[in-house]
Amino acid sequence: GKKNKNAPNPAMSAYKYYCEDKKAENDALTGKELQVMWKEECQGDARKKYVDLAAQDKKRFEAENAEYEALQKLYHKREQDVAMALYEAHQVAAKVAAASTDDAGKKKKRKKDPDAPKRAKSAYLYFCEDKREDIKAKNEGKGLTEITK
């Protein structure tokens, strides 16, 4: 995954410290030359200097990483607490909504305001009003259900 920008930089190895040191002296050195120099020329006390630097950097990394991981656990715990609070609030709201329905589990029907204005007529309703009288005249004596079949 992506590296967190707040995560501590990883510890450098003794070889990396050696390479940095030699690159500062001679920038033209290649990776292969540095490998050979590390294996053959850097032995004993010369190598111990870089091993000690790497050990110090490892201690630094472990201390920083312990703090970082503790903070990450704290942030994760807070996120979980917030999510749980939201979930519980949702559960309470669901219970309230369930209590507002009747025994059959259906929502109660709102009572329509008799003083409220009516909706506008559609073109189809105007058409039906015009044709209704003609259709009734053609089908005298028949009921509405027989006419609409």
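## Overall form of the chain

Of the 149 residues that make up the protein chain, 12% count as buried, and this value, like the others in this report, comes from a predicted model. The C-alpha atoms of the chain fill a box of roughly 120 × 40 × 30 Å when the box is taken along the principal axes. The radius of gyration of the protein chain is 41 Å, whereas a compact globule of 149 residues would have one near 15 Å.

The protein chain contains 5 helices and 0 strands, and its pattern, read along the sequence, is α-α-α-α-α. When contacts between residues at least 6 apart in sequence are considered, 57% of them join residues that are at least 24 apart.

## Helix H1 and its buried residues

Which residues of H1 are buried? They are Ala14, Tyr17, Tyr18, Cys19 and Lys22, and the buried residues of this helix pack against helix H2 (31–40) and helix H3 (45–99).

An α-helix has 3.6 residues a turn, so residues three or four places apart point the same way.

## The packing of H1 with H2

Two packed helices are described by the angle between their axes and the distance between the axes. For H1 and H2 the angle is about 115°, the axes lie 11 Å apart, and the crossing of the two helices is right-handed. On the H1 side the contact is made by Ala14, Tyr15, Tyr18, Cys19, Lys22 and Lys23, and on the H2 side by Gly31, Leu34, Gln35, Met37 and Trp38. The residues of this contact divide into 7 nonpolar, 2 polar and 2 charged.

Ala14, Tyr18, Cys19 and Lys22 are listed among the buried residues of H1 and also take part in the contact with H2.

## Alanine 63 in helix H3

Alanine 63 has its place in helix H3.

In sequence, alanine 63 and proline 8 are 55 residues apart, while in space the distance between them, C-alpha to C-alpha, is 9.5 Å.

Technical notes
Residues numbered from 1 in each chain as written. Predicted model: local features only at pLDDT ≥ 70, side-chain atom pairs only at ≥ 80, totals over all residues. Heavy atoms only, no water. Buried < 20%, exposed > 50% of the residue type's maximum accessible area, 1.4 Å probe, protein only. Helix = DSSP H or I, 4+ residues; strand = E, 2+ residues; numbered from the N terminus. Contact = heavy atoms within 4.5 Å. Axes fitted to C-alpha atoms, helices over the stretch in contact; angles between N-to-C directions. Left-handed = near helix turned anticlockwise from the far one by under 90°. Nonpolar A, V, L, I, M, F, W, Y, C, P; charged D, E, K, R; others polar. Rg over C-alpha atoms; globule rule 2.2 N^0.38 Å.
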